[in-house]
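Please examine the sequence and the structure shown below.

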Amino acid sequence: MYVADYDVMKLVDEIQKENGTISEVYFVACGGSLIDLYSSHYFVNRESASMVSDWIPSKEFVLTPPKRLGKGSLVFICSHGGNTKETVEAADVAIEAGAFVVSYTHDDTSKCASDRYHAIVYKWEPETPQQEKPMCITYGILNELIHRQEPAYTLYEGMKDGILKCDGIIRKAMKTYQNKAWNFAEHYYQAPFLYIMSSGAAYAQAYGFAICSLQEMQWMDCCYLNTAEYFHGPFEVTDEEHLYILMMSVGKTREIDLRAKAFLEKYAKKYEIIDAADCGLETIDENCVDYFNAALFYEMSVLYRTAIQNKTGHPLDMRRYMGVVEY
């Protein structure tokens, strides 16, 4: 179905009718599509008492499927182009095990749009609101499912409100950060190496900023870190020459990011702070806000990679190997 035809209540009705009570949720994809699903994985494990979650690269899911995979499983599959071979294979593994499979794709002619799955075809245009993109669609499904399975669940209204509010907040923040992104690119577009850090539900956005925005799209060498792990080894390379980007969340893990910021201010010289506290997320329920840092930081990575592209002249869509050679 197209996202315009999608109804969260009806989809959760189908999940419950076909598979009953869900006990585990799996998020399966590759690259940027996998990154989109991490914060939902984090959400399930932190907020649900009836379900557990795992976040698994597609080929790993195919080769080593979870022993628990079956009737009580809900599997989210995402492939932007819809034909990623490993992801299609993973969807079929899940179907054959009896799981309920929700697939996301941007292409309505792709394999992931097949009627074999409960497919949702989303738009991916500059004007597409966050609530119509995979991250927030997934929040909506999980929020409704937990609400139905767990009478004690208290985030139902707060999550619905955040899903609707976050798009306007993010668009305003992008305008605020535009000049900052240009200045970063002006100074560091030729950086030989950089580190990107974030924490909590937004950790995968450091992963995505590194492997997608910079390594894939700009061929820049970089490393991603969970801010909580910075002080358990990686901080030893901190000096005035190494470059850092720290994406600071609001919510429960902000304490971790603040500690890293204080260390960078004392021992580093080259660092960029992208702070969600400057971006208006405080208008979202404090018990839910952790889960909306990820959408904000994804859009910030787009802002920064575009600014870098404008300095390097390296098109974001240019590839050396992906889709070019056999691999």
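Does glutamate 265 count as buried, partly exposed or exposed? Glutamate 265 counts as partly exposed, because its relative accessibility is 44%; buried means under 20% relative accessible area, exposed over 50%, and partly exposed in between (1.4 Å probe, protein chains only). The model is predicted, so local features need pLDDT of at least 70 and side-chain atom pairs count only at pLDDT 80 or more, whereas totals for chains, interfaces and linings use all residues. Residues are numbered from 1 along each chain as its sequence is written, and side-chain values use heavy atoms, with hydrogens and water left out.

The side chain of glutamate 265 meets that of lysine 261 in a salt bridge (2.7 Å, N to O); the term denotes a side-chain nitrogen of Lys or Arg within 4 Å of a carboxyl oxygen of Asp or Glu. Both residues lie in helix H8, 4 residues apart, about one turn of the helix. Helices (H or I, at least four residues) and strands (E, at least two) are DSSP runs, numbered from the N terminus. Lysine 261 counts as partly exposed because its relative accessibility is 23%.

Helix H8 (residues 254-267) also lies on the path of the chain from strand E8 to strand E9, a β-α-β crossover that is right-handed. The term right-handed means that, with the strands pointing away from the viewer, the path from the first strand over the helix to the second runs clockwise. Strands E8 (residues 243-248) and E9 (residues 270-275) pair in the parallel sense over 6 bridges, where pairing requires that DSSP finds at least two bridges between two strands. Within this pair, methionine 248 has aspartate 275 in E9 as its bridge partner.

Strand E4 (residues 100-105) is largely enclosed by the rest of the structure, because 6 of its 6 residues are buried. In a regular strand the side chains alternate between the two faces of the sheet. On one side of E4, Phe100, Val102 and Tyr104 are buried, and on the other Val101, Ser103 and Thr105 are buried, so that both faces are covered. Strand E3 (residues 73-78) runs parallel to E4 and is joined to it by 5 bridges, with valine 75 opposite valine 101. From E3 the chain crosses through helix H4 (residues 85-96) to E4, again in a right-handed β-α-β crossover. E4 also pairs with strand E5 (residues 118-121) in the parallel sense, over 4 bridges, and here serine 103 stands opposite alanine 119.

The whole structure contains 17 salt bridges. Among them, lysine 165 and aspartate 161 meet at 3.1 Å, N to O, and both lie in helix H6 (residues 156-188). Arginine 319 forms another with glutamate 216, the closest N and O atoms being 2.9 Å apart. This pair links distant parts of the chain, 103 residues apart: arginine 319 is in the segment after H9, and glutamate 216 is in helix H7 (residues 203-218).

There are 0 disulfides in the structure, the criterion being a pair of cysteine sulfur atoms within 2.5 Å. For cysteine 279, the nearest cysteine sulfur, that of cysteine 166, is 13 Å away. Cysteine 288 is likewise in no disulfide, and its nearest cysteine sulfur, that of cysteine 166, is 12 Å away. Cysteine 288 counts as buried because its relative accessibility is 0%.
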